[in-house]
Amino acid sequence: MVIPISYNVRNLKLRKGLTVMTALGIALTVTTAVFLMALLAGLDKAFMTSGDPLNILVMRKGSTAELSGGFDANLFPTLKTLPGIAQDAQGDPLASGEWVVVVVLPRKDGTGEVNVSVRGLMPGGLALREEEKDSKGRPRMKLLEGRWFSTGQREVVVGKSIHDRFSGANVGDTMDFAKGQWKVVGVFDSGGTAYDSEIWGDVNQIAVDFDRQGGYASVYLRATDPVSADALKNRVSDDQRLKLEGTLETEYYEKQTSSGGAIKFIGTVVAIIMAIGSSFAAMNTMYAAVAYRTREIATLRIIGFSRPSILTSFVLEALLLSLLGALVGIVLILPFNGMTTGIGNSLTFSETVFSLHLTARVMITAVVFALVMGLAGGFAPAWHAARQDILTSLRA
Amino acid sequence: MTLTRFVTKSAFRNRRRSLLTVLSIMFSLLLLTVMMTVWHSFYVDTGSAQSASRLIARHRVSLTNFLPAYYREKIRAVPGVVAVAPTQWFGGLYKDEKPENFFAQFGTDPEEIFKVMTDVKIPPDQLEAWQHDQAGAVVDSELAKKFGWKIGDRIVVKGTIFPMNLELTIRGIFTAPQPSLSVYFNWKYVEEAVSFAKGKTGTFGILADSPNDVPKIAAAVDALFHNSPEPTKTESEKAFQLDFINSIGNVKAFILSICLAVVFATLLVSANTMAMSIRERTREVAVLKTIGFTRQTILGFYVGEAVIVALLGGLLGCLLAVGLVSGMAHAPGMGFFFLGMKVTFSTFVLAIFVAAAVGFLSAVIPAYHAAKLDIVEGLRYLG
């Protein structure tokens with residue numbers, strides 16, 4: 001015979017103060033854990049959606065990031081005439097020699113200075129990125145305001161995150177970095193990818209300002225299809241004379257995701273320690289619940305409820321308690337959903353902006369996490385309840 | 001039986017509950033102490049006395065831009081400057097890309113680097129041996145211990161920023177007040193192999209006459225190069241490190257929010273326990289009152305009980321944190337984050353104080369209710 005669950009619900013209601021406080025304790029733990037998980041989910045999203053499988057990123061052999069070093073500009077003509085590269089409407093190959101440099105900009109909210117990536121591109125680089133499609137096959141790159149920068153001008157377009165987070169990043173503003181002023185002529189949205197945290201300008205202008213003439217940090221090539229993308233990548237890497245290495249852009253960003261490793265580690269440790277503390281608290285509450293109902297449990301046994309059904313009932317009660325905690329915890333975190341924050345990256349030395357992302361997976365994990373806490377805290381007291389001696393209990 | 005003994009005895013009368021509460025508070029305080037230690041080492045600790053007299057000059061645009069090497073002599077001429085040494089981040093890979101094999105490699109000038117970093121100890125004969133070998137290197141003692149390196153060992157570091165491999169012979173092992181996981185080598189080695197590195201450096205380490213001169217020197221150095229194509233940003237060593245931490249993201253808000261959540265959760269746990277335990281003793285309170293104990297004394301009993309339990313949990317949590325932090329500071333593969341961190345005495349005291357305060361606060365409301373309980377009602381209470 002199974003004890004109806006409404007028995008547990010009523011018991012939780014009976015001792016409201018205790019239930020609410022224990023559930024709140026669990027909720028706080030869940031909130032912290034969810035906050036950390038949502039942070040990681042957002043970070044993963046920013047990097048996972050970045051990159052396009054048809055784009056090939058060519059860097060000097062041994063370079064791990066676009067920021068580290070460069071190679072001779074003379075190699076560019078060889079690269080852009082390789083077979084398998086897509087062409088634009090005029091028949092020019094979609095290829096772009098680029099520089100990525102880092103500048104320091106003050107945050108809008110006045111909390112210090114942040115490193116920001118500035119990318120210099122060729123006109124082909126813009127065309128190449130406009131070819132990128134999102135998962136539904138729609139173009140990913142959108143110009144939100146203004147126009148693209150023009151070649152030969154000290155003009156820049158800024159990513160959406162830069163526009164939102166820094167002052168002086170509106171169309172018509174001027175930005176002051178490197179050797180002078182740059183006019184902001186547009187704002188673009190790359191669909192939540194890492195490009196949103198970049199400032200783009202003409203590659204030659206950038207190279208002059210940062211004394212990097214005569215070379216490129218990277219070359220981007222757009223392949224016609226996945227098969228030629230692979231062939232192109234291998235061709236670049238295998239050519240001993242070039243001393244270059246080709247990577248699919250998607251692979252490159254997958255590597256960068258590891259910059260969340262430290263947060264992941266710290267977040268897990270924090271969540272586990274808090275969970276252990278909360279489990280003990282839940283155990284306390286459940287022991288009290290059992291002690292309080294000693295006579296009641298004996299009565300249940302006499303009526304004919306078996307030991308296993310008493311055990312199940314108390315474990316269920318603990319699970320209900322933690323479920324309540326999980327729900328409160330998720331509600332507490334809701335206002336933070338979509339909040340954006342930035343994280344520094346040891347590979348590019350600059351900030352990638354991402355938003356807190358409360359995915360279904362995060363929420364399910366939170367509920368499971370809370371249930372595990374409830375189970376850890378509830379099993380021992382429930383066992384204790386089921387093992388009670390009927391006669392002594394009735395006399396208590 | 002004295003009153004203190006009475007309070008201690010009642011605090012642990014329900015052993016299981018007290019134990020569970022102590023354990024719960026212990027884990028929360030463990031976390032709180034670790035977080036406070038991180039906070040302390042980032043934002044409060046001003047470093048050694050020598051560190052306070054050191055400045056770092058970098059390119060105004062960003063750390064990744066080079067400065068011309070000839071700036072060094074100009075900086076040296078600034079009044080109050082005792083020594084200047086260039087350092088350039090090499091950013092190479094040792095063995096593979098795994099984070100546990102990561103360490104910092106700095107190209108510098110062997111003649112002057114330890115005149116700037118006066119708090120670093122190295123035997124004079126080892127320093128001399130390094131100065132005589134252009135492909136030599138000196139390594140941090142913690143790092144040498146981690147990889148089992150000895151003097152005379154050869155290490156190969158694969159360049160990522162600079163297209164070359166460093167083949168270094170270890171000539172010396174130094175000890176720094178804060179283990180730094182770094183290797184220093186002669187920058188000439190790279191300058192001779194890579195054309196774009198020639199005559200360039202990343203930062204200058206500057207030693208000032210006294211800590212009081214630091215702001216003045218910073219301003220003087222920046223003024224010197226203000227209108228040049230390569231302007232500088234000069235700041236104290238601590239400010240430079242803070243800049244670096246800030247570039248990781250909003251660490252301050254991150255730590256603060258975790259601390260707040262932990263303290264609040266602890267408060268809930270402790271308040272819960274006290275509420276349970278006081279309610280069970282309703283009749284006992286009535287008896288105490290009948291014998292003649294005043295409200296104030298009864299209030300004191302329960303608050304005292306809660307503080308004792310919380311203090312015990314807090315003390316255990318802090319001790320555990322001391323162990324955990326020192327474990328992480330020395331564990332291989334933890335990278336730079338916990339490097340040289342230690343739970344300071346003030347952090348320890350503060351954490352214990354927080355525990356006591358939480359215990360106190362948690363007991364106030366239930367104890368107040370108990371204290372003003374009506375005797376007759378209490379005696380009738382069935383529990």
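Contact here means heavy atoms within 4.5 Å. The model is predicted, so local features need pLDDT of at least 70 and side-chain atom pairs count only at pLDDT 80 or more, while totals for chains, interfaces and linings use all residues. Residues are numbered from 1 along each chain as its sequence is written, chains are lettered from A and ligands numbered from 1 in the order in which they are written, and side-chain values use heavy atoms, with hydrogens and water left out.

**View 1. B:Gly313 in helix H13 of chain B.** Helices (H or I, at least four residues) and strands (E, at least two) are DSSP runs, numbered from the N terminus. Buried means under 20% relative accessible area, exposed over 50%, and partly exposed in between (1.4 Å probe, protein chains only). B:Gly313 has 0% relative accessibility and therefore counts as buried. Setting aside residues up to four places away in sequence, B:Gly313 touches B:Val22, B:Ile25 and B:Met26. B:Trp187 is 126 residues from B:Gly313 along the chain, and the two C-alpha atoms are separated by 53 Å.

**View 2. Helices H12 and H13 of chain B.** Two packed helices are described by the angle between their axes and the distance between the axes. Axes are lines fitted to C-alpha atoms, for helices over the stretch in contact, and angles run from 0 to 180 degrees between N-to-C directions. H12(B) covers residues 282-291 and H13(B) residues 295-330; their axes come within 10 Å and cross at roughly 140°. Angles under 35 degrees count as roughly parallel, over 145 as roughly antiparallel, 65 to 115 as roughly perpendicular and the rest as oblique. H12(B) and H13(B) are therefore oblique to each other. From H12(B), B:Val285, B:Leu288 and B:Lys289 meet B:Arg295, B:Ile298, B:Phe301 and B:Tyr302 of H13(B). By class, this contact of H12(B) with H13(B) has 5 nonpolar, no polar and 2 charged residues. In this classification Ala, Val, Leu, Ile, Met, Phe, Trp, Tyr, Cys and Pro count as nonpolar, Asp, Glu, Lys and Arg as charged, and the others, Gly among them, as polar.

**View 3. Helices H1 and H11 of chain A.** H1(A), residues 5-14, and H11(A), residues 307-333, pack at an angle of about 55° with their axes 9 Å apart. That angle makes H1(A) oblique to H11(A). The residues of the contact of H1(A) with H11(A) divide into 7 nonpolar, 3 polar and 1 charged.

**View 4. Helices H2 and H14 of chain B.** H2(B) and H14(B), the latter spanning residues 345-371, pack at an angle of about 140° with their axes 10 Å apart. H2(B) is therefore oblique to H14(B). The contact is made by residues including B:Leu29, B:Leu32 and B:His40 of H2(B), and B:Ser346, B:Leu350 and B:Val354 of H14(B). The residues of the contact of H2(B) with H14(B) divide into 7 nonpolar, 5 polar and no charged.

**View 5. B:Ser28 in helix H2 of chain B.** H2 of chain B runs over residues 15-44. B:Ser28 is buried, with a relative accessible area of 12%. Not counting residues up to four places away in sequence, B:Ser28 touches B:Val262 and B:Thr266.

**View 6. The largest nonpolar core.** A nonpolar core is a set of buried Ala, Val, Leu, Ile, Met, Phe, Trp, Tyr and Cys residues joined through side-chain atoms within 4.5 Å. The largest one has 88 residues, and A:Val30 and A:Trp200 have the most contacts inside it. H2(B) gives the most to this core, with 14 residues. Not counting residues up to four places away in sequence, A:Val30 touches A:Ala326, A:Gly329, A:Ala366, A:Phe369, A:Ala370 and A:Met373.

**View 7. B:Val61 in the loop between strands E1 and E2 of chain B.** B:Val61 counts as buried, at 10% relative accessibility. Leaving aside neighbours within four places in sequence, B:Val61 is in contact with A:Val102, A:Val103, A:Val104, A:Ala178 and A:Phe210. B:Val61 and B:Pro231 are 170 residues apart in sequence and 7.9 Å apart in space, C-alpha to C-alpha.
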